[in-house]
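Here are my notes on this one, as numbered points. Have the model open while you read.

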Amino acid sequence: STQSVYVLLIYVSLTCTIAGVMFNQIEEHENFSTVPRAAWWVAARMVPGMHKGANWVTGKPTTYQGAALLTALFIWKGMLWILPYAQIGNTFKTTWKENEEA
């Protein structure tokens, strides 16, 4: 449903903002020099396939705290993106079952 998509977008937006602030405080790299740049860097990693081959989101954390934050971010990303895939699969299964019965 569209409601779950909105909830996912809110979670991704909040995650990008909060992690962007944290990366801005932790890291010294130019990609983290401002909160919007850091949030955009995080957003590029939160959306599957967005950062592949894009030279405007280069860079990586150089501190242990940044690496730990990135690890937590990837775990959170996995948990967030499992939910819509599960819902799509459930909707497909329900629709398939309804079509078989008809």
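1. A term to start with: buried means under 20% relative accessible area, exposed over 50%, and partly exposed in between, using a 1.4 Å probe and protein chains only.

2. Some housekeeping. This is a predicted model, where local features need pLDDT of at least 70 and side-chain atom pairs count only at pLDDT 80 or more, while totals for chains, interfaces and linings use all residues. Residues are numbered from 1 along each chain as its sequence is written, and side-chain values use heavy atoms, with hydrogens and water left out.

3. Val7 belongs to a nonpolar surface patch with Tyr11, Ile75, Trp76 and Met79, together about 460 Å² of accessible area. H1 (2-26) and H3 (64-101) are the elements giving two or more residues to the nonpolar patch, and H3 has the largest share, with three. For the record, patch residues have over 30% relative accessible area and no salt bridge; like charges are joined within 9 Å, and nonpolar side chains (Val, Leu, Ile, Met, Phe, Trp, Tyr) within 5 Å. A salt bridge here is a side-chain nitrogen of Lys or Arg within 4 Å of a carboxyl oxygen of Asp or Glu. Areas are Shrake-Rupley with a 1.4 Å probe.

4. How far apart are the end C-alpha atoms of H3? They are 56 Å apart, which agrees with the 56 Å that its 38 residues should span at 1.5 Å a residue; the expected span is 1.5 Å times one less than the number of residues. On the buried side, H3 has Gly66, Leu69, Leu70, Leu73, Lys77, Leu80 and Trp81, and these pack against H1 and H2 (35-46).

5. H2, with 12 residues, reaches 16 Å from first C-alpha to last, close to the 16 Å expected. Its buried residues include Trp41, Val42, Arg45 and Met46, and the buried set packs against H1 and H3.

6. Do look at Met46 in H2. It is buried, at a relative accessible area of 0%. Leaving out residues up to four places away in sequence, Met46 touches Val12, Thr15, Cys16, Leu73, Trp76, Lys77, Leu80 and Trp81, contact being heavy atoms within 4.5 Å. The C-alpha atoms of Met46 and Gly78 are separated by 9.1 Å, though 32 residues apart along the chain.

Methods:
Helices (H or I, at least four residues) and strands (E, at least two) are DSSP runs, numbered from the N terminus.
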